[in-house]
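Student: Could you help me learn to read a protein structure? I would like to start with what is on the screen.

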Amino acid sequence: MGMTLAEKILARASGCECVAPDQVVVARVDLALSHENADLVRKSFLEIGVDRVWDPSKIVIVFDHRVPAESEKTAATHKAVREFVAAQGIEHFYDVGRGGICHQVLPEEGHVRPGMVIVGTDSHTTTHGAFGAFATGIGATEMAGVWMVGSLWFKVPSTLRIEVEGEFRPWISAKDLILHIIGRLGAAGADYRAVEFDGPAIRRMSVASRMVLTNLAMEMGAKVAFTPVDEILLDYLRPRVAEKLEMIAPDADARYERAIAIDAGEDLWEPQIACPHSVDRVQPLSALGDVPVHQAVLGSCTNGRLEDLEVAARVVAGRTVHPRTRLIVIPASQQIYREAMRLGFIETLVAAGAIINPPGCGPCVGVHQGILAAGETCVSSTNRNFLGRMGSKDSLLYLASPAVVAASAIAGQLAHPVSLVKQSEPCLVEA
Amino acid sequence: MPGGSLTLRGRVRALLGDDIDTDMIYPGRYLNITDREKTAAHLFELAYPEIRAAIQPGDVIVAGKNFGCGSSREQAAAALKFAGAGAVIAASFARIFFRNAINLGLPAVVSPDAAPLCSLADELEIDLGAGEIHNLTNGRTSPSAALDPRAVELLAAGGLVPYLKRKYINSRRETCPSTE
């Protein structure tokens, strides 16, 4: 019987010829990712009483949630992890100023390849399905077990297949597509499941845009999510990855729990917005009326990549951020930061009145670098708008595409970029 | 679950709706607290501070679908456990929260039928082995999904750390048990 991508990868990683949904397998883990919460993992690991990690070449630690350290407590956490990394000889460690957001650094630095099994102590580890990896989030104590033995139990997920065809309208992006899908399926719509995104509209997307889909699939509960392994992806990977790359694809006769067809042109007429306080409360922009905005945030593991900064720069070029609004921009990694400087995007954004945060998660986790006061409203390109996510429980957080975030910063309220920029070109960067 | 018993008793401390996310259970601003016991002080701090104020050892939280959606933060499960929650019953759980709860030794019980049969302060007896929830206050019984044998084993051990400590510390190449 044919297998889906998730089934194929789990079968191989567990030494089985064939696996089927609901079967429980023990799979070899190829890469174990942690950020600051490596400190929690470390504590559980030491509590178990193990002295050495299973393979120091397969653990990657990236500081991103609190960079640079915002408090003495965090500074002590960073220090403890640095010392653990040195003591265990963990080979891949990206300290403050060396990397950026873990989900950007992993592919950028060539750690991700099609067919891998990746676990991370971060829910958005699903992002790496854009590179053909079975990648999922786990908790810190479970990771301590992985650090100990290098394998983990998985229940084989059933798979949802989402086929997207049609041409995106001007200013409509991967973010609008995935918010639309989450709005349709709900916050638990893909719980425990794998998702395969495919179809002509996906195959034309840049790698950065595909990462938006696999990243946000988590917000409908997905265990893993994939976009196709094709030439566009291999072109991205070849200069970064030393190992041999393989094309993997689901079998033609793979079994899917459900198939969903979307026409990007017909189903997405305008930008999609996730309203407070749930990612599945999705509305088209025009349904929301006048929503004044005090803060606009462009960044995160969802939308802090070069094409996101580019579209924002295009929207704000020659304009000024509205007096009542603060525009916070966070490049997802040091590499993206440098490239955005070289291309003039940073200059354009700063000239318009944006403040640039260091590469990292910034205010998305509600810790620092742009916390909201009671009564404030924020539009953000990030991935969660839960109650109090970015500060006060009495603040409101709307999730939107980078183009809408930039346009809203200029307008001082939720705005469609077409209302500002006459030249109406697609913001979807095609590879 | 001290003593490895598969039956526990507690009063319903909260009846919550669908999609109770991890930011509601444990705000992101406290993620740099890595002593599990200390996480309890911030349980439901923004969303339902009254639960934290009132919770007694053994109390049960009852909720709707997709409990614990969002972040992988283990502190969400730890805060519940160390604030004294004896179990969480929900119509369904988000997958990472479910794994975290079991790994920390906090029973996460799936029962779509329990919430409608419960009122606040009802006394429940949860029989994990039989997959039944007895409401001792109103005399009604609702079924719960059978827990995977690995989950039962982990709960009986008090969580993954004590389990691994006891069972696998001398054979490092064994696999790491967990469940989902």
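**A helix and its surroundings**

Tutor: Let's begin in chain B: the buried residues of H3(B) pack against H1, helix H2 (49-54), strand S2 (60-63), strand S3 (87-90) and H4 of chain B. Helices (H or I, at least four residues) and strands (E, at least two) are DSSP runs, numbered from the N terminus. This is a predicted model, where local features need pLDDT of at least 70, side-chain atom pairs count only at pLDDT 80 or more, and totals for chains, interfaces and linings use all residues. Residues are numbered from 1 along each chain as its sequence is written, with chains lettered from A and ligands numbered from 1 in the order in which they are written.

Student: How many residues of helix H3 of chain B are buried?

Tutor: A residue is buried if 20 or more other C-beta atoms, placed from the backbone, lie within 10 Å of its own. Eight of the nine residues of H3(B) (75-83) are buried, so this helix is largely enclosed by the rest of the structure. Among them are B:Leu80 and B:Lys81. Just after H3(B), B:Gly84 takes a positive phi of about 120°.

Student: Which residues are in contact between chains A and B?

Tutor: Contact needs C-beta atoms, placed from the backbone, within 7 Å. Here 41 residues of chain B are in contact with 47 residues of chain A. On chain B's side, H4(B) gives the largest share, five residues.

Student: And how do strands pair?

Tutor: Strands of a sheet pair through backbone hydrogen bonds, either parallel or antiparallel. Pairing requires at least two DSSP bridges. In chain A, four strands form an open sheet in the order S10-S9-S8-S11, with parallel pairing.

Conventions: Contact = placed C-beta atoms within 7 Å. Buried ≥ 20, exposed ≤ 12 C-beta atoms within 10 Å, placed from the backbone.
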